[in-house]
Amino acid sequence: MTLIVILLNAILVDNFVLSKFMGICPFLGVSKKLDSAVGMGAAVTFVMVCATLCTYPIYTFILVPMGLEYLKTIAFILIIALFVQLVEMVLKKKVQSLYNALGVYLPLITTNCAVLGVTILNVDKEYGFAQSLVNSLGGGLGFSLALIIFSGVRSRVNSADVPEMFKGVPATLIAASIVSVSFMGFSGLFG
Amino acid sequence: MAEKTNKKGMLTELTKGIIKENPTLVTLLGMCPTLAVTVMASNGIGMGLATTFVLICSNLVISLLKNVIPKAVRLPCFIVIIASFVTLIEFLMKGYLPELYDSLGLYLSLITVNCIILGRAEAFASKNGVLASVLDAVGMGLGFTLALFAMGSIREIIGTGKWFGIDLHLPVTMTLFIMSAGGFFTLGVIIALVNKIAGRSTPAEVGCAACPNAENCPSYNKKEDRKEAAAE
């Protein structure tokens with residue numbers, strides 16, 4: 001599979017939020033405003049790519065030669081937790097502007113299942129290093145796209161007059177379902 | 001959240017998770033597996049019971065170790081404990097229920113980051129005794145399993161006309177319900193019905209802010225502090 005197909009597939013067809021249901025909590029929680037949706041999307045994309053950068057060598061060069069593949073869940077979540085903490089500290093000290101933009105969202109990402117999901121998915125699909133990175137980048141971009149589109153939809157839903165029992169979360173979920181239907185149009189795009 | 005755990009309160013610890021504080025339908029936690037695996041009723045039950053197992057074990061171990069784990073590094077410790085039990089259940093399921101293992105796939109590993117488990121560890125098991133923590137886990141786990149079973153049944157019956165694989169000979173089926181859009185839709189309608197029956201409105205905040213752990217969570221508090229700082 002060529003890299004561009006993997007990228008587009010991860011963004012549109014197998015969208016992490018709308019077709020794989022990963023990262024629903026931030027999708028519902030942080031999509032209220034456009035700027036926070038962009039910030040969260042950028043932070044998740046960044047962490048996904050970097051987490052893959054860290055987990056791929058550890059899986060390939062440590063876990064596989066020692067026959068410890070079954071430890072991947074524990075190893076990956078520790079790497080992600082450690083990495084998120086590290087990034088937060090480095091950004092805080094060195095790159096203040098980036099920290100102000102992304103810092104708020106970083107700690108929330110440790111328990112975001114999209115990040116752990118993409119690292120395990122790369123291993124399950126037996127992607128090589130470049131393919132893994134591209135898949136993670138696509139996953140992150142797809143996540144950002146869903147968040148940004150949905151922040152727009154949501155501002156309309158919130159001002160709409162819905163029945164009392166549907167106010168709040170139920171209306172949001174049904175709006176998400178309609179956005180998800182529109183993404184179904186991409187399915188089968190790459191066979 | 002940390003009620004007194006006298007003998008009278010033990011039953012409450014057990015039942016609160018099933019109805020009053022149902023993790024999926026009331027506090028809106030663990031939405032990812034709720035939506036992702038519930039294309040079949042059997043998948044819903046499988047996922048629910050696997051999560052319940054991890055929840056009981058992690059609550060048990062964390063409540064036993066609560067005085068040993070240093071406060072500053074408690075979250076990584078909790079995550080490692082949870083991930084260990086997830087690995088255990090992965091092995092068990094692969095060995096004994098290979099079909100279920102295949103259909104749950106990736107989402108079995110993702111139990112590690114299910115915020116119900118970390119949330120109960122932080123909000124309950126790290127503050128309460130062993131028995132109360134186990135009862136709390138059983139209740140929360142059953143509540144989660146029931147919600148997943150309901151979701152799975154509705155989606156399987158409407159989407160494929162079957163229930164646990166048995167053909168119900170329905171005149172009309174809507175395949176959309178077993179697709180991702182149907183997941184969002186079904187959950188939305190169920191939450192709306194729960195609101196209607198219970199006569200309350202859903203929490204205004206979802207996701208991180210609705211997490212029972214939010215008050216203790218450094219990231220959430222920090223976020224609020226920064227918002228205030230930005231407002232000034």
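Leaving aside neighbours within four places in sequence, which residues is B:Phe177 in contact with? The answer is given under the first heading, for a model that is predicted.

## B:Phe177 and its surroundings

B:Phe177 is in contact with B:Arg155, B:Ile158, B:Gly159, B:Gly182 and B:Thr186, once its neighbours within four places in sequence are left aside. This residue is located in a loop of chain B, between strand S2 (166–167) and helix H9 (180–198).

B:Phe177 has 19 C-beta neighbours inside 10 Å, and therefore it counts as partly exposed. A residue needs 20 or more such neighbours to be buried. B:Phe177 and B:Ile157 are 20 residues apart along the chain, and their C-alpha atoms are separated by 9.0 Å.

## Chain A as a whole

Chain A contains 9 helices and 0 strands. Its elements, read from the N terminus on, run α-α-α-α-α-α-α-α-α. Of the 191 residues in chain A, 51% are buried.

The C-alpha trace of chain A spans about 60 × 45 × 30 Å along its principal axes. For 191 residues, a compact globule would have a radius of gyration near 16 Å; the value for chain A is 17 Å, which agrees. Among contacts in chain A with a separation of 6 or more, 76% are between residues 24 or more positions apart.

## Helices H4 and H7 of chain A

Helix H4 (residues 72–94) and helix H7 (residues 113–124) of chain A have axes that come within 10 Å and cross at roughly 135°. The two helices are therefore oblique to each other. An angle would have to be over 145 degrees to count as roughly antiparallel. The crossing of H4(A) and H7(A) is right-handed.

On the H4(A) side, the contact is made by A:Lys72, A:Phe76, A:Ile77 and A:Ile80. On the H7(A) side, the residues are A:Val115, A:Leu116, A:Thr119, A:Ile120 and A:Val123. Sorted by class, this contact between H4(A) and H7(A) has 7 nonpolar, 1 polar and 1 charged residues.

## Where chain A touches chain B

The contact between the chains takes 40 residues from chain A and 43 residues from chain B. On the chain A side, at least two residues each come from helix H2 (24–29), H4, helix H6 (106–109), H7 and helix H9 (169–184).

H9(A) gives the most to this side, with 9 residues. By class, the side of chain A that touches chain B has 29 nonpolar, 8 polar and 3 charged residues.

Notes:
Residues are numbered from 1 along each chain as its sequence is written. Chains are lettered from A and ligands numbered from 1 in the order in which they are written. This is a predicted model: local features need pLDDT of at least 70, side-chain atom pairs count only at pLDDT 80 or more; totals for chains, interfaces and linings use all residues. Axes are lines fitted to C-alpha atoms, for helices over the stretch in contact, and angles run from 0 to 180 degrees between N-to-C directions. Helices (H or I, at least four residues) and strands (E, at least two) are DSSP runs, numbered from the N terminus. Angles under 35 degrees count as roughly parallel, over 145 as roughly antiparallel, 65 to 115 as roughly perpendicular and the rest as oblique. A crossing is left-handed if the near helix is turned anticlockwise from the far one by less than a right angle, and right-handed if clockwise. Two residues are in contact if their C-beta atoms, placed from the backbone, lie within 7 Å. Ala, Val, Leu, Ile, Met, Phe, Trp, Tyr, Cys and Pro count as nonpolar, Asp, Glu, Lys and Arg as charged, and the others, Gly among them, as polar. A residue is buried if 20 or more other C-beta atoms lie within 10 Å of its own, exposed if 12 or fewer, and partly exposed in between; C-beta atoms are placed from the backbone. The radius of gyration is taken over C-alpha atoms; the globule rule is 2.2 Å times the number of residues to the power 0.38.
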